[in-house]
Amino acid sequence: MNDRTAPFASNPLLDFNDLPLFDAITPERVGPAINQLLDEASLALDTVTASDFPANWKRISETLDVPAERFSRAWGAVSHLNSVADTPELRAAYNEALPRVTEFWTRLGADERLYAKYKAMDPAALNAEQARAHFNAMRGFVLGGADLQGDAKARFAWLQERQAELGQKFSENALDATDAFALYVTTDELAGVPDDVVQSTAAAAQAEGKTGHKLTLKMPCYLPVMQFAHSSALREKLYRAYATRASDQAEGDAVRFDNAAIMGELLALRHEEAQLLGHRHYADVSLVPKMAESPEQVIAFLRDLGTKARPHAEQDLGDLRAFAASELGLADPQAWDWPYIGEKLKEARYAFSEQEVKPYFTAPKVLAGLFQIVETLFEVAIRRDQAPVWNAGVEFYRIERPGPNGAELVGQFYLDPAARNGKRGGAWMDDVRARWLRPDTGTLQTPVAHLVCNFAEGVNGKPALLTHDDVITLFHEFGHGLHHMLTQVNERDVSGISGVEWDAVELPSQFMENFCWEWDVLKHMTAHVDTGEPLPRALFDKMLAAKNYQSGLQTLRQVEFSLFDMLLHSQPEPVTSGAAVLALQQQVRDEIAVLQPPAYSRSPHTFSHIFAGGYSAGYYSYKWAEVLSADAYAAFEEAALQNGHSTLDVATGRRYREAILEAGGSRPAMESFKAFRGREPSIEALLRHQGMA
């Protein structure tokens, strides 16, 4: 242990020798560690902003960025645990520290003395990576309120703290509302539901000393029940509970998690922030560091995509209605019937069901297949590794590449695949630390990532079974991880995903999804859980035929969410009540949707992406980046046609790795895309991939 961290050995959050000591971090250690690291970072800020401190990139980096990065890493570990291992004690410690953490970053981003030092630097004297980081920093100072004075500056700082507090509370309410629900049913009521779900829900009830089955609103339970349960009454109960989470429509005392007031206050505060910064509304602020040029451009893009998708969506819905009436006796289908009808039509039309496919996708085999693709395309090796973890189900890996002196470490990652209580829903990638040529030691720090999913666990000693959608999710998050870990940029603020425009950051993740539809790829990553047989080609052909099943409806759904988000944040006057939020959502649905949910539905109340997750006035990024990712993948399709082999083309993979993944945020995303494709992106590949060309 080096001298700098020796005195702090008793507090794992102050140990920066290598990886976070996740197994030793306890709630009572959060406050003392964060206070100490804040003090160190604050002292460093005072040092570099003194009048006699030189406006020198390296000097500022080694004096300020080093303690700020240590603070960021420690808080990142606490935030991560808050997301994946939430307890009342940890939540209290997190919330107690959050205002001080927010205050420091707000103060740092708005410090006019530090801003003056950056203004005094000559970008021409910096290398290309530093110049890009300098450009981003200057823009960040403006967005961080560094140009504000007096009362306006103080108000701006308060707005940041309050928004952080509200976002955290929104997230807590969504998690608590989801965790609070349980429905106990008999085996008969689960007729039609897949065996693995029947077994896992029985095990969940048994663990509580109850008979029957425990149903929850977590995706590995909720979705298969909605798709397969023959009982419409059961589907209605679950649907209603899911659609009213964290709202005034929730049943019983679950109304205490209502997020309506939080949404209204957040939107008002964001609007005020935008006005303080001299912008019309928050959407303008959100787009400053993105690829898209204006809210109007995004809205036009979304409406155009909606127009192209609508005929396909209307056809999808017409097919569902006709099938429901003729085959299922459902003349007037309700919201909770559509997933069931959709699954039955898919089975009838393509003669296969998700449940027929699932036994072939065992988690270990899928993971091995994913690793093989990455190793082949990007010329690296992935190995099991050791690190302290927060849950026994978490795995840790290292990525290596051949170097002049043998295997060279490129990056490492934690994989946390299973759903459990105290872990927020969804899937995400986050960074533990970035690649950085450290200014304090001159050594290269390698990047480390978190890859988090919420899959069902294995039952009765068998490995976990994934749906094909789960496989796509895993590939998606791994794409983000590769963007973070394969970077060759040495400047921390533009290495990996840092500094990449938000509407381009989904390019590498969505790109990876395409391999889940390639036979040459899939046949190596499937093995039946009982027989070990690979996925039959005939079954794959049915899956492929069904690939764009309901793609019109799915596209319209994403357009609806994206347009709602952008309009919500681009009103001339802020939307400041839950009722007004719902009214705007209805307005968007009337324009875009072909299916209307019941009046009690409250989907905005758990729309964590835009109220607690950094996608405010940015949810369109998924569709925007899909244009980029589909066009990027088309290069691999072209290589396969030209060379007469699979899309796992090493030469194209190398070009993609060097142009997109290794470059990280060191240049504008459009430059990276053009470096790979030789031209600007085209929407044609996306429409073709989704069967809407």
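Helices here are DSSP runs of H or I, at least four residues long, numbered from the N terminus. The model is predicted, so to speak of local features we need pLDDT of at least 70, with side-chain atom pairs counted only at pLDDT 80 or more, while totals for chains, interfaces and linings use all residues. Residues are numbered from 1 along each chain as its sequence is written, and side-chain values use heavy atoms, leaving out hydrogens and water.

I begin with Q510, which lies in helix α17, residues 507-513. Q510 is buried, at a relative accessible area of 7%; buried means under 20% relative accessible area, with a 1.4 Å probe and protein chains only. Apart from neighbours within four places in sequence, Q510 is in contact (heavy atoms within 4.5 Å) with H476, Y622, A625, E626 and S629.

Next, the nonpolar cores. Such a core is a set of buried Ala, Val, Leu, Ile, Met, Phe, Trp, Tyr and Cys residues joined through side-chain atoms within 4.5 Å. The largest has 129 residues, of which F378, F413, F511, F515 and Y656 touch the most other members. Helix α12, residues 295-327, gives the most to this core, with 11 residues. A second, separate core of 52 residues includes A77, Y115, V394 and V494.

Finally, how many disulfides does a search of the whole structure find? With a disulfide taken as a pair of cysteine sulfur atoms within 2.5 Å, the search finds zero. For C453, the nearest cysteine sulfur is that of C516, 12 Å away. C453 counts as buried, at 1% relative accessibility, and C516 counts as buried at 0%.

Conventions: Buried < 20%, exposed > 50% of the residue type's maximum accessible area, 1.4 Å probe, protein only. Helix = DSSP H or I, 4+ residues; strand = E, 2+ residues; numbered from the N terminus.
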